[in-house]
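Work through the following exercises with the sequence and the model open beside you, and try each task before you read its solution.

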Amino acid sequence: MLKGSAKPLSETKANTYKIIGVVAVIGLLIWALTGLELTGFQPTTWILTKAMISGLFHPDWAYVYIPEGEDLLRSLLETLSISYLGNFVSAIVCLPFAFWAAANMSKYRAVSGTGKLFLSIVRTIPEIIMALIFIKAVGPNAYAGVMALGLHSVGMLGKLYAEAIENMDMGPTEAMTAVGANFWQRMSFAVIPQVIPDFISYTLYRFEINVRSATLLGVIGAGGIGTPLIFALNARQWPRVGIILIGIIVTVSIIDYISGTLRKRIV
C-alpha cells in the first residue's frame, strides 16, 4: 500500500457508523416532533376546506382578462418583468465578484477567499428580507421586487459563475501568457469564450427560480401576481385563488420547459 493512502474501513466499523447515523437521524426526528404542539382543528375547518376545494375546482375565468382593470394576464406579465429585470441586473453586477471569488484568477488564496465570503454573505439574506428592506425604502411596488431579486441573485449567480471559471481549462490562458498577451487579451480570447456557455446556462436556471420567487415577493407587496393572490386569500375568494394558481402553474411550467430546452442546446 502506498504511503499516505487512505485505509479502507473494516466491516465492523462501517456497520457501527451506519448504526450511529441511523440512531442520530431517528433521535433528531423524535426531538423535532416533540417540539410541535398540535392544538387541534378549528370548528369551521371542514366548512372552509369544502369552500376552498369548491372554489379551486371552479376558477373565476372572468378574471383572466379585464379590459378596464387589473387581471391575471397583467399580473403575470408584471411577475415575469420583475423576474427578468432582477435576473438581468444580477447577471451583469455579479461578473466582477465572480472573477474576484475564482481561485484560479488570483495568485493569493486570501483574495478569492474574501470574494467567496462576500458572495456567501449576500446570498444568505433571503429575498423576502431584502424585499421588506427595499419596500421601506422605495415603497410597496415592483421596483422593490426587482431590487430584492437582483441583489439576492448576485450572491447565487456569482457563486455559480466563480465555479465555472475555476473549472475551465487553463491551457489557453497559459499559452497566451507565454506569448506575451496582457490581462485583457487573455480575458477576451481565452477566458470569456470558455465560460460564456456556462454563464448563460446558469442565468437561465436562475431565471426559473426568480419567477417563483417573484410570485412569493408579491405576497408582501413587492409587485407581481402574489399581491392579488394574497388579497383573494384574505377575502376568501376561492374561485379567484383557483384561477391565479392555475396561471402560476402554467406560466412556471412554460418557463421551465423553454429554459430547460435552451440550456440543453447551449451546454
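**Exercise 1.** Find which residues UniProt lists for "transmembrane region", and describe the chain over two of these spans.

Solution. The unreviewed UniProt entry lists residues 16-34, 82-105, 214-235 and 241-259, in the numbering used here, with shortened feature names and annotations that may be inferred rather than shown by experiment. This is a predicted model, in which local features need pLDDT of at least 70 and side-chain atom pairs count only at pLDDT 80 or more, while totals for chains, interfaces and linings use all residues. Residues are numbered from 1 along each chain as its sequence is written, and side-chain values use heavy atoms, leaving out hydrogens and water. Take residues 82-105 next: the span is 83% helix and 0% strand, with its end C-alpha atoms 33 Å apart. Residues 241-259, in turn, are 100% helix and 0% strand, and here the end C-alpha atoms lie 27 Å apart. Helices are DSSP runs (H or I, at least four residues) and strands likewise (E, at least two), numbered from the N terminus.

**Exercise 2.** Determine which residues of helix H9 are buried and where they lie around its axis.

Solution. In helix H9 (residues 226-234), the buried residues are Gly-226, Pro-228, Leu-229 and Ala-232, where buried means under 20% relative accessible area, exposed over 50% and partly exposed in between (1.4 Å probe, protein chains only). Because they cover an arc of only 165° around the axis, they sit on the same side of H9; the arc is that of the directions from the helix axis to the C-beta atoms. On the other side of H9, Phe-231 and Asn-234 are exposed.
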